[in-house]
Amino acid sequence: MQYTLIALVENKPGVLNRVASLFRRRNFNIESLNVGRTERDDISRMTIVMNSEETDARKVEVNLYKLVNVIDVQDVTNQPAVLRDLALIKVKAVPEQRAEIANLVAIFRARIVDVAPDSVIVEITGTEDKIEGLIELLRPIGILEMVRSGQVAMMRGSNNGVRHAPGANGHHSEEELTVGY
Amino acid sequence: MRKTGADILWECMLREGVEVVFGYPGGANMPIYDAMLNYPVHHVLVRHEQGAAHMADGYARASGKVGVAMATSGPGATNLVTGIATAMMDSSPIVCVTGQVAAHLVGGDAFQETDVTGITLPITKHNYLVTHSEEVAQVVREAFYIARSGRPGPVLIDICKNAQIEQAEFEYPESISLPGYRPPSHAPQADLQRAARLIAQAERPLILAGHGVLMSGAMEELSTFAIKTHTPIASTLLGLGSFPASHPLSLGMMGMHGEAYCNLAIQNADLLLAFGMRFDDRVTGNLRTYAPYARKIHVEIDPSEVHKNVHVDVPLVGDLKTVLRDLVPLVDEYDHESWLAQIASWRSESEQRDILAWPEDGKLYVAHVLRDLWQATQGAAIITTDVGQHQMWAAQYYLQERSHRFITSGGAGTMGFGLPSAIGTWFAHPDQEIWTIVGDGGFQMTQAELSTAVQEGANIKIALMNNNFLGMVRQWQEFFFEKRYSAVELRNPDFVKIADAHGIPARRVETPDEVLPAIEFARQTPGPVLVEFRVEKEEAVYPMVPTGADLDAMIRRPVRQQLAVETVRR
């Protein structure tokens with residue numbers, strides 16, 4: 001089944017490499033990995049999607065948690081979360097096909113963001129299912145090129161995702177985050 | 001005050017309590033070596049950087065402090081790699097400081113440039129590339145803290161040459177901020193209660209004591225718990241010494257070359273209490289048939305070890321010492337006399353098969369030599385070993401009464417570990433008797449460190465078990481490859497002459513009656529001494545669980561001289 005994890009990491013050089021190296025080292029197969037900035041300059045946010053057994057998802061979680069630069073890991077799978085993926089799809093389109101594409105795009109609440117003499121670029125944001133749906137309909141027309149951002153996720157309201165890693169939840173007070181010994 | 005990065009490095013390391021470093025200078029760390037002359041720190045010049053890492057590792061395991069190894073960039077740093085991986089697998093706290101080419105050259109394939117942080121990423125607990133002198137103080141402080149806290153491990157600091165030379169304002173950081181690094185200490189109360197209930201229900205409980213007992217310093221707590229709950233203790237290779245071998249509750253070593261009665265106890269137990277161990281394949285054998293009747297409680301500081309190899313019923317994630325302190329008040333006193341009697345009957349059967357029960361036949365067996373050494377030293381020497389047959393015999397026959405006195409490469413199984421780790425151990429305990437037990441194969445991998453031992457006057461005794469074979473590989477070829485010996489025979493140099501060339505007193509022992517006098521000679525002669533034992537060439541370590549076999553499907557030592565290989569079933 002598909003698992004979605006959120007990891008907050010320190011915004012430092014090499015952290016992405018540490019995470020990627022972990023996936024390789026422990027033989028974890030990742031569906032998508034999105035990295036981006038957050039509301040804080042010193043923290044980056046990763047959204048990791050994987051198709052795996054639950055045991056493997058847990059292993060990814062505890063191993064991520066073990067990295068010194070990883071601050072928090074939450075599992076948002078089956079949680080009240082907003083999940084979004086973005087795709088840019090370049091579709092072969094001679095002028096007489098544009099109307100058909102525009103119709104499909106409207107139904108999916110996507111947008112045409114570029115028009116060239118023989119192609120258009122469609123931008124769509126949404127859940128993976130919705131994007132897959134549009135892709136299936138555009139494929140017969142002719143997809144020339146496609147790029148997807150990978151899924152990003154955010155919990156609704158004041159909810160947090162689930163922290164499965166033993167020791168990740170409730171073992172530490174805030175002041176322990178700064179270590180003075 | 002403004003100081004160079006190299007000075008800041010030493011200032012910070014002194015504040016971490018560093019008194020000795022093991023290393024090798026080169027182009028990219030010369031400013032560090034120049035600054036070193038101004039600080040009260042003893043530098044041990046090794047003959048190969050692998051030796052430096054093993055010495056730092058041995059020093060760390062023997063002292064409980066962080067060991068420090070230094071190397072230059074490129075090949076200097078890559079030579080550390082085996083030693084770093086060894087420390088990683090055995091959770092040994094070392095800090096490696098490597099020189100790197102100047103920051104503006106990094107990535108340009110400069111002379112002696114290697115991507116050292118990239119290479120060591122999977123074999124360090126954490127690593128740093130320092131490009132500016134302003135970062136040095138903070139990084140050194142963090143590195144030592146990370147190395148020794150939580151589940152300890154190696155940390156590498158790669159310092160660019162410009163960061164060593166350039167000046168920065170030096171102010172020692174009083175605290176550090178590591179928002180993503182929170183080693184657990186207490187286990188949740190609810191989990192402790194669940195564990196206590198399982199312990200109360202158990203009729204055949206067994207403690208599996210691992211390296212974590214020693215790393216956490218939980219020997220007292222382990223003893224208190226075991227005695228209160230009347231629970232026998234089996235030990236991993238690295239857990240030896242966590243509980244006195246002579247105690248009636250002690251079962252000795254488990255696993256591939258563990259005691260047969262110990263493995264039988266695991267397979268028949270109804271509760272396993274895994275304390276600071278990680279269910280390595282050398283300990284479990286076939287995971288599908290491992291401890292089939294046992295509930296499992298796993299006390300472990302590293303959450304990624306929980307459920308990794310063996311699914312457990314109650315994980316207690318925390319520091320072992322703390323968890324045991326929390327757990328002891330929750331358990332009652334129990335009586336497991338019939339379970340202990342069952343184990344004792346298995347044990348007496350094992351003792352009849354034991355090579356120690358063999359009559360004197362004029363041949364030199366490693367097991368006999370080691371038992372003689374154990375008796376001559378009253379079991380009080382600190383032992384380091386190399387890797388192979390002699391290592392297993394050392395674990396079986398040099399019984400450990402006290403903690404932190406058996407230093408060996410467990411997880412990585414690194415040949416060449418014995419001699420350098422003994423030198424490192426000597427710097428931790430210069431007043432104690434130290435023996436390194438090595439085979440003729442592994443010894444030659446780091447034999448160059450004999451010069452280091454002489455240069456430092458290290459008072460270490462080398463017991464070299466020479467069978468002119470890579471003995472463990474030979475044993476596998478005998479058992480599992482129809483005795484087709486492939487690349488295991490060693491035509492060795494004259495080790496006594498090698499020692500002599502280093503100015504090291506040496507003796508060769510070929511018969512049993514020469515053993516004790518040679519041991520006494522070594523003990524009475526100050527400084528490094530080598531004793532070469534010309535032992536039986538084709539002796540095997542028993543019992544043996546073949547790789548992937550059920551833990552109780554052991555190849556047993558044939559009774560007396562019978563040659564039948566048989567299997568014991570419960």
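Modeller: Happy to! Let's begin with B:H311, which counts as partly exposed because it has 13 C-beta neighbours inside 10 Å. Keep in mind as we go that this is a predicted model.

Colleague: Where does B:H311 lie in chain B?

Modeller: B:H311 is in the loop between β14 (295–300) and β15 (314–317) of chain B.

Colleague: And how far apart are B:H311 and B:D354?

Modeller: Along the sequence, 43 residues separate B:H311 from B:D354, and in space they are 34 Å apart, C-alpha to C-alpha.

Colleague: Let's talk backbone. What is phi like at B:S91 and where does that residue sit?

Modeller: B:S91 has phi near 50°, a positive value in a residue other than glycine. You'll find B:S91 in the loop between α4 and β5 (94–100) of chain B.

Colleague: Is B:S91 buried or exposed, and why?

Modeller: B:S91 is buried, because 25 other C-beta atoms lie within 10 Å and the cut-off for buried is 20 or more.

Colleague: What about B:H404, what is its phi?

Modeller: Phi of B:H404 is near 60°, again a positive value in a residue other than glycine. Its place is the loop between α16 (389–397) and β17 (406–407) of chain B. B:H404 counts as buried because it has 20 C-beta neighbours inside 10 Å.

Colleague: Which residues does the cis peptide bond join?

Modeller: That bond joins B:Y542 and B:P543, with omega at about -10°. B:P543 belongs to the segment after β21 (529–534) of chain B.

Colleague: Stepping back, how is chain B divided?

Modeller: Chain B has domain 1 (2–169), domain 2 (189–346) and domain 3 (366–534). The C-alpha centres of domain 1 and domain 3 of chain B are 29 Å apart. Their contact takes 24 residues from domain 1 of chain B and 27 residues from domain 3 of chain B.

Colleague: Which elements give two or more residues to the domain 1 side of that contact in chain B?

Modeller: They are β2 (20–23), β3 (42–45), α3 (49–63) and α4 (75–89) of chain B. α3(B) gives the most to that side, with eleven residues. By class, the domain 1 side that touches domain 3 of chain B has eleven nonpolar, nine polar and four charged residues.

Colleague: Chain B has an open sheet of six strands, so to speak; what is the order?

Modeller: The order is β17-β16-β18-β19-β21-β20 (chain B), and the pairing is parallel. At the edges are β17 and β20 (506–509) of chain B, each pairing on one side only. Inside that sheet, four bridges join β16 (residues 382–385) of chain B to β18 (residues 434–439) of chain B, and these two run parallel. B:T385 stands opposite B:I437 in β18(B).

Colleague: Now chain A. How many helices and strands?

Modeller: Chain A has four helices and ten strands. Along the sequence they follow the pattern β-α-β-β-α-β-β-α-β-β-α-β-β-β. The C-alpha trace of chain A spans about 70 × 35 × 35 Å along its principal axes, and buried residues make up 30% of the 181 residues in chain A.

Colleague: What is the order of the four strands in the open sheet of chain A?

Modeller: It goes β2-β3-β1-β4 (chain A), with antiparallel pairing. The edge strands, each pairing on one side only, are β2 (32–37) and β4 (70–75) of chain A. From one strand to the next, the twist averages 15°.

Colleague: What packs on that sheet?

Modeller: Helix α2 (residues 54–66) of chain A does, touching β1 (2–10), β3 and β4 of chain A. The direction of this helix makes about 160° with that of β4(A).

Colleague: How many bridges join β2(A) to β3 of chain A?

Modeller: Six, and the two strands run antiparallel. One pairing to look at is A:V35, whose bridge partner in β3(A) is A:M46.

Colleague: Last topic: where is confidence lowest and highest in chain A?

Modeller: Confidence is lowest in strand β10 (residues 178–179) of chain A, at a mean pLDDT of 36, and highest in strand β7 (residues 119–126) of chain A, at 98. Over residues 169–181 of chain A the pLDDT is below 50, and this stretch has 16 contacts in the model beyond near neighbours in sequence. For chain A the mean pLDDT is 90, with 91% of residues reaching 70 or more.

Definitions and conventions
Residues numbered from 1 in each chain as written. Chains lettered and ligands numbered in written order. Predicted model: local features only at pLDDT ≥ 70, side-chain atom pairs only at ≥ 80, totals over all residues. Pairing = 2+ DSSP bridges. Axes fitted to C-alpha atoms, helices over the stretch in contact; angles between N-to-C directions. Contact = placed C-beta atoms within 7 Å. Domains from an automatic or database assignment. Nonpolar A, V, L, I, M, F, W, Y, C, P; charged D, E, K, R; others polar. Buried ≥ 20, exposed ≤ 12 C-beta atoms within 10 Å, placed from the backbone. pLDDT = per-residue confidence, 0-100.
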